[in-house]
Amino acid sequence: MDMNVPFTNVPGLFIGGEWVKATGEHHVIVNPATEVAIGTAPMGGKDDVDAAIAAARHAFDHGPWPLMSFEERAAVMRKFLAILQRRSDEIKALLTAEVGVVAMLMNGAQFGGAIAASEYAIKLATRIEPEPLALEFKPNPYFAGRDIFATGVTVREPYGVVVGITPHNYPLLLNLAKAVPALLTGNTVVLKPSEFTPFSALFLGYIAAEAGLPPGTLNIVTGGPEVGQQLTADPRVDLLSFTGSDTVGKAIMAQSASTLKKLHLELGGKSAMIVRADADLQKAAAMAAFSFTMHAGQGCALLTRYLVHNSIRPAFVEMVKAIASSLKVGNPADPSVIVGPLIREAARRKTAEYVQIGRDAGAKLVLGGGRPAGLDKGYFHEPTLFDDVDNRSRIAQEEIFGPIGVVIGFDTDDEAVALANDSRFGLNGGVMSANPAAAYRIALRLRTGGVAINGGTGDLFVQAPFGGYKHSGIGREFGPNWLNEFMAEKAITYPIG
Ligand code: NAD
């Protein structure tokens with residue numbers, strides 16, 4: 001057991017502003033790079049879920065939080081954020097050991113992006129004000145001679161109890177992407193992280209208590225699908241904000257249907273990058289190599305399907321191979337490592353199975369394909385690239401969530417767009433071209449929530465809305481309208497004079 005990982009000795013679940021002993025089974029949590037235990041995590045049982053929802057409900061219905069002004073709540077959340085930053089070394093050490101985050105990504109989305117997103121949400125919250133409606137002036141159809149002369153305002157108010165359910169891959173970013181905007185807008189929250197990364201959520205209890213969040217405003221319950229199921233089916237919950245796979249997204253829709261909640265779903269992807277014949281090949285190859293290997297392929301928006309003009313496809317493949325094979329794979333505790341482990345053995349095995357599925361379908365394995373040499377412990381998989389892939393095959397259609405990229409040839413822009421859109425997902429996309437107008441035209445035709453031209457600013461740009469079409473989700477996270485996901489509009493109208 002590695003006893004040195006911060007925040008792995010939590011006293012229980014965080015419910016109603018207190019640490020409460022969990023009634024579920026405890027889980028041993030392992031470091032995915034070493035398979036060594038880092039702690040034993042409490043897991044919520046039925047009564048804990050019930051208590052967490054009751055605490056959030058009470059804090060909303062009777063607490064001060066929803067009635068506070070945006071500025072007052074923002075002041076508390078600024079404190080919350082300042083504490084996170086003050087304790088950044090401990091948090092980063094936890095993310096390294098629990099999630100397998102490499103140094104490069106820590107400064108990016110995993111920690112730096114989480115802070116940037118929260119700061120941005122605070123900025124948005126302090127700008128929310130009632131918006132005046134137009135003046136209405138017309139003859140009254142019911143009382144002749146008494147004109148209607150009226151106006152009003154639209155106010156935005158919290159939904160009530162928000163449940164946030166998050167995956168294992170970017171836990172801090174996504175836990176904050178649920179909790180921070182929900183809290184800023186006056187909701188109360190029950191947060192349920194992935195069963196593989198409980199500590200990256202539970203530690204927020206310490207931060208909430210120190211920041212002075214009123215009891216019951218933020219509750220944290222750990223557990224797996226059963227806990228998630230209970231949270232989504234409870235009538236006391238008003239809004240579900242979920243990030244995870246499309247399979248679970250669909251289950252959540254069904255589970256919550258009879259209680260008619262508002263749903264916000266951020267789901268999976270199999271995003272395509274179109275490389276036109278005129279693209280900067282070096283840049284396109286580097287983008288590809290970093291994309292399918294980033295966080296060992298455990299990213300929803302990664303560009304993992306490369307649609308490459310046939311005239312440059314052989315050169316592209318050679319360059320991607322050269323770059324990807326130079327990336328150091330290993331334990332993220334080593335700051336020179338670029339590709340870390342998968343979260344668990346099941347994810348490593350699933351990735352290996354997809355290598356076989358690709359081979360069986362006749363795709364050409366051009367890089368990797370197995371366990372990296374010298375890494376017998378830890379859930380590692382080599383960066384793996386297939387060429388000559390059929391877009392209808394499983395390795396081109398299914399989200400693998402491991403470091404596998406697939407290359408598919410095309411001859412015309414129309415063909416590239418058709419191939420890109422021939423997917424049940426629609427989260428992200430990319431176009432590489434020396435002709436920005438042609439790339440923009442293609443971007444408009446892609447059925448995806450985002451498109452990065454020549455690298456774009458990346459999906460780390462929190463000021464851009466992020467989300468999917470089709471099986472990639474419903475709603476948007478981040479961007480200028482982000483906080484509206486957590487608020488209902490109310491029209492208050494009144495006559496004048
Ligand atoms: P997952 O769908 O297996 O689990 C996500 C969460 O749902 C976990 O907390 C899990 O315990 C919970 N859960 C499982 N079954 C449930 C049920 N029946 N009811 C309620 N909750 C349930 O996902 P994962 O493996 O943790 O993460 C990977 C997935 O997340 C990928 O598909 C990835 O694309 C997606 N993801 C999407 C985004 C985005 O913003 N679109 C971001 C990150 C990850």
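This is a predicted model: local features need pLDDT of at least 70, side-chain atom pairs count only at pLDDT 80 or more; totals for chains, interfaces and linings use all residues.
Which helices and strands each supply at least two residues of the shell around the ligand?

View 1. At least two residues of the shell come from each of α8 (225–233), β11 (239–243) and α9 (246–256). In total, 29 residues surround the ligand, and the closest are T166, E195, S245, L267 and E399. By residue class, the shell around the ligand is made up of 13 nonpolar, twelve polar and four charged residues.

**View 2. The ligand and the two domains.** Because domain 1 (13–267 + 475–492) and domain 2 (271–461) both give residues to the shell around the ligand, the ligand lies between them. The site that holds the ligand is the largest pocket.

View 3. A nitrogen atom of the ligand lies 2.7 Å from a backbone N or O atom of L267, and a polar side-chain atom of Q255 is found 2.9 Å from a nitrogen atom of the ligand. At G244, a polar backbone atom is 3.5 Å from an oxygen atom of the ligand. Of the 850 Å² of accessible area that the ligand has on its own, the protein covers 90%.

Definitions and conventions:
Residues are numbered from 1 along each chain as its sequence is written. Side-chain values use heavy atoms; hydrogens and water are left out. A residue is near a molecule or strand if one of its heavy atoms lies within 4 Å of it. A polar contact is a pair of N or O atoms within 3.5 Å; within protein, one must be able to donate a hydrogen and the other to accept it, and residues adjacent in sequence count only if both atoms are side-chain atoms. Accessible areas come from the Shrake-Rupley method with a 1.4 Å probe; for residues, only the protein chains shown count as cover. On a 1 Å grid over the protein atoms alone, a cavity is a set of points where a 1.4 Å probe fits but cannot get out, and a pocket is an open set with protein on both sides within 12 Å along at least five of seven lines; lining residues have an atom within 4 Å of a point. A molecule sits in a cavity or pocket if more than half of its atoms lie within 2 Å of its grid points. Helices (H or I, at least four residues) and strands (E, at least two) are DSSP runs, numbered from the N terminus. Ala, Val, Leu, Ile, Met, Phe, Trp, Tyr, Cys and Pro count as nonpolar, Asp, Glu, Lys and Arg as charged, and the others, Gly among them, as polar. Domain bounds come from an automatic or database domain assignment.
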